[in-house]
Amino acid sequence: MSENMEQFVELPVSPLIPSLPDDVTLDIVARVPRSHYPTLSLVSKKFRKLIASPKLYKRRSQLGITQHRVYAILRNHDTGDWRFYILHRKINSRNRLVVS
């Protein structure tokens, strides 16, 4: 290999959690309630990619973990702040938006 080619050899990708294989991390995150995903996505770029990945939702489906949620992002026109909300639906009760 020439010197120029050696510069483009890809290095191994580091795991999401260094002490665990990525498939174990995927199984762990799949079991976390989806309402915690916005917080998990702040851990790192790798976690943000995992949260957005179809692999995660496929694994949740395989495990039989499904949660139907309605999410909303609302902006306060006075302050310009954005807030992330989840609609909590309760049987025989009123629905409510909860800040995530």
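Predicted model: local features only at pLDDT ≥ 70, side-chain atom pairs only at ≥ 80, totals over all residues.

A: Helices (H or I, at least four residues) and strands (E, at least two) are DSSP runs, numbered from the N terminus. Read along the sequence, this chain follows the pattern α-α-α-α-α-β-β-β, with five helices and three strands.

Q: Okay, what percentage of the chain is made up of buried residues?
A: Buried residues make up 17% of the 100 residues in the chain, where buried means under 20% relative accessible area, exposed means over 50%, and partly exposed lies in between (1.4 Å probe, protein chains only).

Q: And which residues form the largest nonpolar core?
A: That core has 10 residues, namely Leu-16, Leu-26, Val-29, Ala-30, Tyr-37, Leu-40, Phe-47, Leu-50, Ile-51 and Leu-56. Helix H2 (22–31), H3 and H4 each supply at least two residues of this core. A nonpolar core here is a set of buried Ala, Val, Leu, Ile, Met, Phe, Trp, Tyr and Cys residues joined through side-chain atoms within 4.5 Å.

Q: Let's take Tyr-37, then: what does it touch?
A: Not counting residues up to four places away in sequence, Tyr-37 touches Val-29, Ala-30, Val-32, Ile-51, Leu-56, Tyr-57 and Arg-60, a contact being heavy atoms within 4.5 Å. Tyr-37 counts as buried because its relative accessibility is 3%.

Q: How are Tyr-37 and Tyr-57 arranged as an aromatic pair?
A: The structure holds one aromatic pair. Tyr-37 and Tyr-57 form it edge-to-face, at 6.3 Å centre to centre and with 75° between the planes. For this term, rings of Phe, Tyr and Trp (its six-membered ring) pair if their centres lie within 6.5 Å, and planes under 30 degrees apart count as stacked, over 60 as edge-to-face and the rest as tilted. The pair links distant parts of the chain, since Tyr-37 is in helix H3 and Tyr-57 in helix H5, 20 residues apart.

Q: Is Tyr-57 buried, partly exposed or exposed?
A: Tyr-57 is partly exposed, because its relative accessible area is 34%.

Q: Switching topic, how many salt bridges does the structure hold?
A: The structure holds one salt bridge, a term for a side-chain nitrogen of Lys or Arg within 4 Å of a carboxyl oxygen of Asp or Glu. Asp-27 forms it with Arg-59, the closest N and O atoms being 2.5 Å apart. Asp-27 lies in helix H2 and Arg-59 in helix H5, so the pair ties together parts that are 32 residues apart in sequence. Asp-27 is partly exposed, with a relative accessible area of 23%, and Arg-59 also counts as partly exposed, at 22% relative accessibility.

Q: Last one: where does Leu-97 lie, and what is it in contact with?
A: Leu-97 lies in strand S3 (residues 96–99). Leaving aside neighbours within four places in sequence, Leu-97 is in contact with Leu-74, Tyr-85, Ile-86 and Leu-87. Leu-97 counts as partly exposed because its relative accessibility is 47%.

Definitions and conventions:
Residues numbered from 1 in each chain as written. Heavy atoms only, no water.
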